[in-house]
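Please find below some notes for a colleague who is opening this entry without having seen it before. They are meant to be read next to the sequence and the model.

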Amino acid sequence: MVGDDNVKVIDATGKYVMPGGIDPHTHLEMEFMGTVTIDDFFSGHAAALAGGTTMHIDFVIPVNGNLTAGIESYKHKAEKSAMDYGFHMAITKWNDEVSREMEVMVKEHGINSFKFFMAYKGSLMVTDDLLLQGLQKCKSLGALAMVHAENGNAVAEGQKRMIDLGITGPEGHALSSPPVLEGEATSRAIRLAKFVNTPLYVVHVMSIDAMEEIAKAKREGQRVIGEPVVSGLVLDDSWLWDPDFATASKYVMSPPIREAGHGKALQAALSSGILQLVGTDHCTFNSTQKAFGSDDFRKIPNGVNGIEERMHIIWDTMVETGKITVTDYVRVTSTECAKIFNIYPRKGAILEGSDADIIILNPKRSFVMGTHTHHSRSNTNVYEGRKGKGLVEVTISRGRVVWEDGNLNVVPGSGRYIRTPPFGYLFDGIEKLDAIYRAGLRAPVVRSKAAA
C-alpha cells in the first residue's frame, strides 16, 4: 500500500522484520593469483542486497606492502558502490613505515581491524616475529587483529608432496592443507595474542581442529572471535574429487572446504556460541579464471561465492532445523558483527537513530539457488541447485526499498563508506588485565650484591 508521496507502507503480516545482514568478510575486485575477482563493488553489492545483506566489510590489500596506496586504490574501486561498506586492512610485510601507516589508517581512515596472513608463503604470509609486532601495534591502537590461520610453510611442503605424487587436480588442494595445519596455526595465533593480551579474530574457521582451539581459549577466558563462513558450514570436500575439472575447481578456497562432519561440528559451535558470527569470504572467479590451474592445483584462484546466499542458507540450515532461534539468527548475521566492529547501534539494529537497514523475510517461501538467478557476474555457483525455506522478499537500505518482488532498484555510487572506530567492546578491561599481570610478576627481585 502507498500512503502520501513520501511514505511507502509494506505489508509484512506473517513475516519477520529484522536488521539487514552485515557480511564481515568479502573480497570484491581483488587482485589475487594473477587475476582479479569477478565481482566488483557494484555487482557484489547487487548480489548482497538481493540476498538481504545491507553492509559488508571488505579487505584492502596493500600495494607492494604500502597501506596508503592500498586504501586509495580501494576507495577508487568503491566509487561504484550501491550499499554501505567498511574496510579491514591486510598487513603483508612489516617495517617502521607500516607501523606508522597503521596508525594513520585508524585515526584518519576509520579502519579498526588488521588482517595477518599465516598462509600464502611467498606472497601474503607474515612470519611469527612480524605477527607478534603486528599484534602489539593493534593493541596500542585499539584495533582488532585478524588472522588467516594456516601453517604456510607446511602447506607449501604439502603442495610439493602432492605434485611429487602426481596429484595435480583440485583434490590436491585439500590434501596439501589438512585440518591439522589450520588447527596448529589457530593455536599459535591464539597463544601469541594471549602473550600480548590483545583480542583476536580468526577468519573463516573451516575445521573442527581450529574450532576446538578457539573453544579452549574461550573456556580459559581469552577474547577470541571465531568466524565460520557459509561454505564451511554446509559444504564438504567431496566436490573436489569430481571428475569434471570445471565442477571441482569452483570449490577451491583456502582454508579448504573439509570432509563431511566438520560442517556439522561448526554448526553446533555456532549454535552454542563458540563461534559468534557468519561471513562468506565471497571471493569469486569464473570458470575461465579457475582454469588457470587446470594442470596444477596451485594455480587455481582460491575463492567461492556466498554474499547473496548467506542469509538464506543460514536461515534454512540453522533456524528451520531449530538449531538457533530467530533472535540468534539476527545476532550471527548482523548484530554481533556491528558490535565487534564498533558500529552498533548505527548498524545491526532497528532503533531510533539507526540507519534503517531492514529486511523482510518470509519463512514460508522457498528458494532455489544457482547461476540462473544470482546477481554475481560469475558463471559458477557452489550452491547450484540448492533448495530451502526462508526467502528475503524486501531489502531496505538506509530507508530506501532496493529489493522487492524480485526486482533490484540500485544505482552505482549510492553506497557510503562506514568508518569503524577503534577500541570496541573487546578492549574493555584490557588495561586491568595488564595491571594484574604486572602485579603478579613478583619482579624484579631486589638482591644484595655479593661480598667482594
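1. Confidence. This is a predicted model. The protein chain has an average pLDDT of 97, and 98% of the residues score at least 70. Of the elements in the chain, strand E9 has the highest mean pLDDT, 99, while strand E3 (residues 31-32) has the lowest, 93.

2. The parallel sheet. Seven strands form an open sheet with parallel pairing, in the order E2-E5-E6-E7-E8-E9-E10. Its edge strands, E2 (21-26) and E10 (224-226), each pair on one side only. On average, neighbouring strands of this sheet are turned by 25° against each other, direction ignored. Within the sheet, E7 and E8 pair in the parallel sense over five bridges. Phe 117 has His 148 in E8 as its bridge partner.

3. Helix H13 (residues 310-319) lies across E2 and strand E5 (53-60), and runs at about 110° to E2.

4. Helix H4 itself. Does the length of H4 agree or disagree with its residue count? Helix H4 covers residues 128-141, which is 14 residues, and at 1.5 Å a residue these should span 20 Å; the end C-alpha atoms are 20 Å apart, so the two agree. Just after H4, Gly 142 takes a positive phi of about 70°.

5. What H4 buries. The buried residues of H4 are Leu 131, Gly 134, Leu 135, Lys 137, Cys 138, Lys 139 and Leu 141. Two lysines, Lys 137 and Lys 139, are in that list. The partners against which the buried residues pack include three helices, H3 (96-109), H7 (179-196) and H15 (430-439). Strands E7 (113-117), E8 (144-148) and E9 (200-202) are also packed against by these buried residues.

6. The antiparallel sheet. Another open sheet has five strands in the order E1-E11-E12-E13-E14, with antiparallel pairing. Strands E1 (16-19) and E14 (407-408) are its edges, and each pairs on one side only. Helix H14 (residues 326-340) lies across E1 and E11, running at about 30° to E1.

7. Strand E12. How many of the eleven residues of E12 are buried? Nine are, and E12 (residues 387-397) is mostly covered. Strand E11 (residues 358-368) pairs with E12 in the antiparallel sense over eight bridges. Ile 396 in E12 is the bridge partner of Ile 358. E12 is also joined to strand E13 (residues 400-404), by four bridges, and these two strands run antiparallel. The bridge partner of Ser 397 is Arg 400, in E13. The hairpin of E12 and E13 has two residues between the strands, and there Arg 398 takes a positive phi near 50°.

8. Cysteines. The structure holds zero disulfides. Cys 138 counts as buried because its relative accessibility is 0%. Cys 337 has a relative accessibility of 1%, so Cys 337 counts as buried.

Terms used: Residues are numbered from 1 along each chain as its sequence is written. This is a predicted model: local features need pLDDT of at least 70, side-chain atom pairs count only at pLDDT 80 or more; totals for chains, interfaces and linings use all residues. Side-chain values use heavy atoms; hydrogens and water are left out. The expected span of a helix is 1.5 Å times one less than its number of residues. Buried means under 20% relative accessible area, exposed over 50%, partly exposed in between (1.4 Å probe, protein chains only). Contact means heavy atoms within 4.5 Å. Two strands pair if DSSP finds at least two bridges between them. Axes are lines fitted to C-alpha atoms, for helices over the stretch in contact, and angles run from 0 to 180 degrees between N-to-C directions. A disulfide is a pair of cysteine sulfur atoms within 2.5 Å. pLDDT is the predictor's confidence in each residue, from 0 to 100.
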